[in-house]
Amino acid sequence: MTDAPHSDVPAPVVPAENHRAVQVSKIGQNRFKATNGRGGETYFGTGGDDPDFSPVELLLAAIAGCSAIDVDLITSKRAPAVKFEVLSEGDKVRDERGNHMTNLRLTFDLEFPEGEAGDAARSVVQRSMEQSRDRLCSVSRTVQIGEPVEFRQA
């Protein structure tokens, strides 16, 4: 089952080194393990009594994490952050389009040291957030663009 693309623009040819994959395995009642190709693991579930992240929380973490990396890479060239926190939030709704998230937003709480280097880092925060939102962060860009997801059976 596949959703129709949003436009008539053909999909780009993607080199093999750009392919990403994560394997998800059921490990218990309403609990799953995701494993990447490097052997990293994370766990998730329905968000009930266990501490595992729900898939929606993982999406929020992925959006925040992707943009945090972008902003940190840009600002830390000037000065390392003294405080670097990102709140990722939104509202889970059900409407005529089904279940989805709305009002997605990231709030960056950043502090840099006093002095010239800290001033330089502070001066690029807004631009780095905009670059992440508009071009760099593949996670939030995918959500914003609305790339279709194909479902198929092995």
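A residue is called buried here when its relative accessible area is under 20%, exposed when that area is over 50%, and partly exposed in between, as judged with a 1.4 Å probe and protein chains only. By this rule, buried residues make up 19% of the 154 residues in the chain. The model is a predicted one, in which local features need pLDDT of at least 70 and side-chain atom pairs count only at pLDDT 80 or more, while totals for chains, interfaces and linings use all residues. Residues are numbered from 1 along each chain as its sequence is written, and side-chain values use heavy atoms, with hydrogens and water left out.

The C-alpha atoms of the chain fill a box of roughly 55 × 45 × 35 Å, taken along the principal axes. Within the chain there are four helices and five strands, where helices (H or I, at least four residues) and strands (E, at least two) are DSSP runs numbered from the N terminus. Read from the N terminus on, the elements follow the order β-β-β-α-β-β-α-α-α. The domain assignment, which is automatic or taken from a database, divides the chain into domain 1 (21-53) and domain 2 (55-145), and the centres of the two domains, taken over C-alpha atoms, are separated by 24 Å.

Rings of Phe, Tyr and Trp (for Trp, its six-membered ring) are paired if their centres lie within 6.5 Å, and planes under 30 degrees apart count as stacked, over 60 as edge-to-face and the rest as tilted. The count by this rule comes to two aromatic pairs. One of them is formed by F32 and F44, which are stacked at 5.6 Å centre to centre with 15 degrees between the planes. Because F32 lies in strand β2 (residues 31-36) and F44 in strand β3 (residues 41-45), the pair ties together parts that are 12 residues apart in sequence. F32 is partly exposed, with a relative accessible area of 28%, whereas F44, at 12% relative accessibility, counts as buried.

F84 and F108 also form an aromatic pair, an edge-to-face one with 6.4 Å centre to centre and 80 degrees between the planes. This pair links distant parts of the chain, with F84 in strand β4 (residues 83-95) and F108 in strand β5 (residues 98-111), 24 residues apart. F84 has a relative accessible area of 26% and is therefore partly exposed, while F108 is at 18% and so counts as buried. Strand β5 is also the place of H100, which counts as buried because its relative accessibility is 19%.

The link is right-handed, with 140 degrees about the S-S bond, and both C66 and C137 are buried. Between the C-alpha atoms of C137 and H100, which are 37 residues apart along the chain, the separation is 20 Å.

Terms used
Disulfide = S-S within 2.5 Å.
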